[in-house]
Amino acid sequence: MLLRVLGTAAGGGLPQWNCACPGCAGARAHPGRRRRHASLALRADDRRWYLVNATPDLGDQVEDSPELRPGPGPRDTPLAGVVLTDAELDHTLGLARLREADALEVLATPPVREALLDRLRIGAVLTPYTRLVWRELTGAAQPLTAGGGVEADAVPVSAKRPRYAAGTGPDDATWVVALRLRCTATGRTLVYAPALGHWSEEFQHAVEGADCVLLDGTFWDDDEPVRAGISTRTATGMGHLPITGPHGTARRLAALPARCLYTHLNNTNPLTDPGAPEHGLLARWGLHVADDRMVIDL
């Protein structure tokens, strides 16, 4: 199972267009610190790839990845579809960039699909351009392609819905899911959770059985959003468990045998600076930050 990390930034990317915080200023001064919106590309079989979330950076992410570029025919593309972990704008706006496809397969949980169709009206917008094929993402493992090389299932992690979907549908934990991907040939498993609002027993079971975990690293500590002046809510109040502190995920990850990497970094997170001492703390726990363009082979 081959995966390419297309991006590792939270909403707005790094730098964010309207922000001059130290993280964004540092990324402007040092282009190597730039990060695109968090996303993965997954090779499902010899010919087809799936995107895990469709970000506003999708076009550049594809061009930056030789495996995802079209060819040899003028309209041949290896992209077979998109798997969505939630309905947030930074994970779904890229669907509009795929309108040139003959057909677009989208795997999503029922609340996410309904939000996209009823509130964003993505179906009405895209149907004149392409054929949308919806598949339900469930807690039961299902092969992504007929060959069955990779199986995917969803682990519910949060009932947090996007602002544009406020007041719609029930409070369902499948509004935000972690994606569990399993290579049928090797049995090796990766868990991808770019947003994690609650560490449940089900999620603990998923990561205990994983060979690699890419986890929500939006904020270093719970007070970071308030301290940085970007919100009146804490990290947990915004639906993201922080890396450190009483609700921190680092101590849980450090206890796992899996290779563990943080992704979805907010521009206020000190980890956006490669020289920050917080990297040393993570390393002592056996943890690291995922990089854009990183390749993971399981």
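Let's start with R293, in the loop between β13 and β14 (295-297); helices here are DSSP runs of H or I with at least four residues, strands are E runs of at least two, and both are numbered from the N terminus. Phi of R293 is near 75°, a positive value in a residue that is not glycine. At 46% relative accessibility, R293 counts as partly exposed; buried means under 20% relative accessible area, exposed means over 50%, and partly exposed is in between, with a 1.4 Å probe and protein chains only.

A quick word on what you are looking at: this is a predicted model, where local features need pLDDT of at least 70, side-chain atom pairs count only at pLDDT 80 or more, and totals for chains, interfaces and linings use all residues. Residues are numbered from 1 along each chain as its sequence is written, and side-chain values use heavy atoms, leaving out hydrogens and water.

Now please find N53, which also has a positive phi, about 75°, although it is not a glycine. N53 sits in the loop between β3 (49-52) and α2. Is N53 buried or exposed? At 0% relative accessibility, N53 counts as buried.

While we are in the loops, let me show you two cis peptide bonds. One runs from L14 to P15, with omega near 0°, and P15 is in the loop between β1 (2-7) and α1 (22-29). Another runs from G71 to P72, with omega near 5°; P72 belongs to the loop between α2 (58-63) and β4 (79-83).

On to the sheet. It is open, has seven strands in the order β7-β8-β9-β10-β11-β12-β13, and its pairing is mixed; two strands count as paired if DSSP finds at least two bridges between them. At the edges are β7 (142-143) and β13 (288-289), each pairing on one side only. In general, strands of a sheet pair through backbone hydrogen bonds, either parallel or antiparallel.

Let's walk in from β7. β7 and β8 (residues 150-158) pair in the antiparallel sense over two bridges, and the bridge partner of Q142 in β8 is A152. How many bridges join β8 and β9? There are eight, again in the antiparallel sense, and here V155 stands opposite A178 in β9. Six of the eight residues of β9 are buried, so this strand is largely enclosed by the rest of the structure.

β9 and β10 are antiparallel too, over four bridges, with R182 opposite T189 in β10. These two strands form a hairpin with five residues between them, and in the turn G187 has a positive phi of about 80°.

Last stop: which residues of α6 are buried? They are F203, A206 and V207. Seen down the helix axis, the buried residues of α6 fall within an arc of 90°, so they line one face of the helix; that arc is taken from the directions from the helix axis to the C-beta atoms. As background, an α-helix has 3.6 residues a turn, so residues three or four places apart point the same way. What covers the buried residues of α6 includes β8, β9, β10 and β11; contact means heavy atoms within 4.5 Å. On the other side of α6, E201 and H205 are exposed.
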